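Dear colleague,

Please find below the structure that I am handing over to you. My notes on what was found in it follow directly after.

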Amino acid sequence: TDNTKLLRIETGIIAADGDSGKLDELDQVLEDSFAGIDNIDLIRIRARMAQGRSNFTDATKGWGRICSALKPAYGNKPTEQWWQGKFGQLYCWSQLKETRPAKVSHAIEVLQEDFNIPGFWAEKIAEIQKSEPLAK
């Protein structure tokens, strides 16, 4: 099924750990199988692919598209997919050369004030504040 193929591509991207040859192969499978299709799952996988290639500009945009598409209505809790997107967006944004650590910390503090962040995502988001950017 398409979901199985997407899951295999996504786990392959994670396992590739930046290996451009493996990422090229997975990118080709993605394009051959899903060209012209644009849904939340594909946006996530393309964002993860950009992140795997250290293309943090495109990755930030992709994760941001997920957050925009799944933005919770006022008073509603964000979905698990939204939290994944928000984490990815913040992480990749924190890796951009032009992003100042103080801005990242401020964005995270605002997020923490505005939402009751689920435990797993609270830990992951807090790690962003503690980590050193890869690209700087």
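The largest nonpolar core has 22 residues, and Trp83, Leu111, Ile125 and Ile128 are those with the most contacts inside it. A nonpolar core here is a set of buried Ala, Val, Leu, Ile, Met, Phe, Trp, Tyr and Cys residues joined through side-chain atoms within 4.5 Å. Buried means under 20% relative accessible area, exposed over 50%, and partly exposed in between, with a 1.4 Å probe and protein chains only. Two or more residues each are given to this core by helix H3 (40-52), helix H4 (56-69), helix H5 (80-94), helix H6 (101-114) and helix H7 (119-130). H5 supplies the largest share, six residues. Helices (H or I, at least four residues) and strands (E, at least two) are DSSP runs, numbered from the N terminus. Apart from this core lies another, of eleven residues, including Leu6, Leu23, Leu30 and Ile45.

Please note that this is a predicted model, in which local features need pLDDT of at least 70 and side-chain atom pairs count only at pLDDT 80 or more, while totals for chains, interfaces and linings use all residues. Residues are numbered from 1 along each chain as its sequence is written, and side-chain values use heavy atoms, with hydrogens and water left out.

Ile128 touches Phe87, Leu90, Tyr91, Ser94, Val104 and Ile108, residues up to four places away in sequence not being counted. Contact means heavy atoms within 4.5 Å.

As for H5, eleven of its 15 residues are buried, among them Lys86, Gln89 and Ser94. H3, H4, H6 and H7 are included in what covers these buried residues. The end C-alpha atoms of H5 are 21 Å apart, which agrees with the 21 Å that its 15 residues should span at 1.5 Å a residue; the expected span is 1.5 Å times one less than the number of residues.

Turning to the aromatic rings, those of Phe, Tyr and Trp (its six-membered ring) pair if their centres lie within 6.5 Å; planes under 30 degrees apart count as stacked, over 60 as edge-to-face and the rest as tilted. By this rule the count is seven aromatic pairs. The rings of Trp82 and Trp83 are edge-to-face, because their centres are 4.9 Å apart and their planes stand at 80 degrees. Trp82 counts as buried at 5% relative accessibility, and Trp83 does so at 2%. Phe120 and Trp121 also form an edge-to-face pair, with 4.7 Å centre to centre and 80 degrees between the planes. Trp121 is buried, its relative accessible area being 8%. Ring pairs link Phe56, Phe87, Tyr91, Phe120 and Trp121 into a cluster.

With kind regards
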